[in-house]
Amino acid sequence: MFSMKRAPILWVGSGISKRYVEGFQTWDELLSSVAGKFGISPGMYAAIRMEASREVEDPKRSPDLVAMKTASKLSSRLISMISDGSIEPTDILSENDAELFLRGVDPIKLLVCASIRNVTFRKDMEIEIELFSRLRESVPAVVTTNYDTVVEMLFGEEFKVFSDVDDYYGLDSMGVGEIYKIHGTVSKPRSIFLLEEDIKEYQHTRPVISSKIISLMCESPLLILGHSMDDSIIRDTIADILDCFSGGKAAEVSRNIVCVRYSDEDEVTMKGSMQIESRGRFFQVQTIVTNELIPIIEDASQYRRTLTVGQIRTFRRMMVDASLSRNPNQNHRLAFVGIEGIDDIDPERTVIALTSRVYLDAAKSFTAFTNGFPERVTILT
């Protein structure tokens with residue numbers, strides 16, 4: 001799928017949750033259900049959504065903006081009902097969520113998070129779900145716009161979750177074994193990207209998010225699953241990434257961005273490209289249109305790590321600390337064996353070995369390796 005021969009970063013959209021989660025609701029279904037909890041009938045909700053749609057310049061092209069305006073109108077309606085005494089927070093919110101409301105968290109965000117907090121996987125998708133979960137053994141990181149916990153459940157506790165831009169700095173981000181929830185998460189209702197006012201916040205943080213994805217893409221291609229690219233925020237973020245490069249490098253990056261688009265048609269698999277527009281600019285990304293995701297998942301699973309995520313994170317941290325610390329030998333137990341002259345040796349002839357003190361003592365008795373092994377070895381204990 002890619003010209004780069006490395007495992008891809010995954011960008012996971014709501015289409016994956018829709019495919020794997022029992023009773024998954026569309027945006028309309030979710031907001032209508034939430035509205036019903038404080039007395040908004042389906043007809044009233046349809047009118048509110050229609051009003052929101054008329055405020056969007058191109059509602060068919062930007063359904064995400066329609067949903068956000070609808071959610072904002074519902075929020076205003078609910079806050080007014082609470083303020084005039086028509087409804088008590090505890091009538092519709094759990095005790096914990098009612099406490100969060102008193103701390104200033106928007107009640108619509110609380111209701112949405114409560115509705116999608118508990119996820120049950122579909123029994124009829126068990127085989128594909130199991131295959132998808134094995135991608136944790138291949139991909140270095142996952143970016144997702146989903147609030148729910150599907151990605152965390154699929155990739156396990158070994159992957160560290162970053163749900164706030166503030167998390168990117170100083171919290172041991174190593175670019176591997178990480179999940180970036182760029183639109184927030186249900187465990188932090190305040191963080192979810194749901195209301196019109198959140199657009200301003202996202203515009204403020206988007207450069208940081210885009211730069212983080214760019215830094216990941218410097219080492220890996222990008223595979224987009226579960227996105228139709230109808231989300232204007234996603235288009236803008238992809239455009240930010242591609243706009244950072246010029247000439248042939250931009251073309252190279254675009255060849256390593258592959259968007260998989262699902263089709264219900266039988267026996268359909270087509271490779272091509274797609275033009276996306278953002279703020280008057282046009283960019284190309286690669287596409288695969290298919291009715292079967294298993295071959296895509298299996299292809300991405302062909303990349304295999306020789307180390308676990310935990311080991312890679314530990315080793316990277318050790319290398320960074322050993323390289324940049326004021327006193328690496330004392331603080332990080334760094335032992336050098338035959339490192340003299342390593343600057344002049346081809347990296348292909350160099351090995352970094354990580355071992356225990358017992359094996360280190362044995363290794364110290366050797367001055368060189370034979371049978372094709374490097375002449376210089378750095379050993380971290």
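1. Basis of the note. The model is predicted, so local features are given where pLDDT is at least 70 and side-chain atom pairs where pLDDT is 80 or more, while totals for chains, interfaces and linings use all residues. Numbering runs from 1 along each chain as its sequence is written, and side-chain values use heavy atoms, with hydrogens and water left out.

2. Overall build. The protein chain has 16 helices and 11 strands. These elements are DSSP runs numbered from the N terminus: helices are H or I runs of at least four residues, and strands are E runs of at least two. Of the 381 residues in the chain, 46% are buried. Here, buried means under 20% relative accessible area, exposed means over 50%, and partly exposed lies in between, with a 1.4 Å probe and protein chains only.

3. Contacts and surface. A contact means heavy atoms within 4.5 Å. Among contacts in the protein chain with a separation of 6 or more, 73% are between residues 24 or more positions apart. The accessible surface of the chain is about 20,000 Å², and 51% of this belongs to carbon and sulfur atoms. Accessible areas come from the Shrake-Rupley method with a 1.4 Å probe; for residues, only the protein chains shown count as cover.

4. The structure holds 13 salt bridges, each being a side-chain nitrogen of Lys or Arg within 4 Å of a carboxyl oxygen of Asp or Glu. One of them joins the side chains of Glu128 and Arg19, at 2.6 Å from N to O. Because Glu128 lies in helix H8 (residues 126–133) and Arg19 in helix H1 (residues 14–20), the pair ties together parts 109 residues apart in sequence. Glu128 is buried at 5% relative accessibility, and Arg19 is buried at 17%.

5. Other charged groups. Glu99 and Arg103 also form a salt bridge, with their closest N and O atoms 3.6 Å apart. Glu99 is partly exposed, at 37% relative accessible area, whereas Arg103 is exposed, at 57%. In the salt bridge between Arg122 and Asp124, the closest N and O atoms are 2.7 Å apart. Arg122 counts as partly exposed at 24%, and Asp124 is exposed at 56%.

6. Surroundings of helix H8. Which residues of H8 are buried? They are Glu128, Ile129, Leu131, Phe132 and Ser133. The buried residues of H8 pack against strand S1 (9–12), H1, helix H9 (150–155), strand S5 (222–225) and helix H13 (294–300).

7. A buried glycine. Gly184 is placed in the loop between strand S4 (178–181) and helix H10 (196–217). Gly184 is buried, with a relative accessible area of 2%. Apart from neighbours within four places in sequence, Gly184 is in contact with Asn146, Tyr147, Ser163, Ser191 and Ile192. Gly184 and Asn146 are 38 residues apart along the chain, and their C-alpha atoms are separated by 7.6 Å.

8. A nonpolar surface patch. Met319, Ile352 and Leu354 form a nonpolar patch on the surface, with about 230 Å² of accessible area together. Patches are made of residues with over 30% relative accessible area and no salt bridge; like charges are joined within 9 Å, and nonpolar side chains (Val, Leu, Ile, Met, Phe, Trp, Tyr) within 5 Å. Ile352 lies in strand S10 (residues 350–354) and is partly exposed, at 47% relative accessibility.
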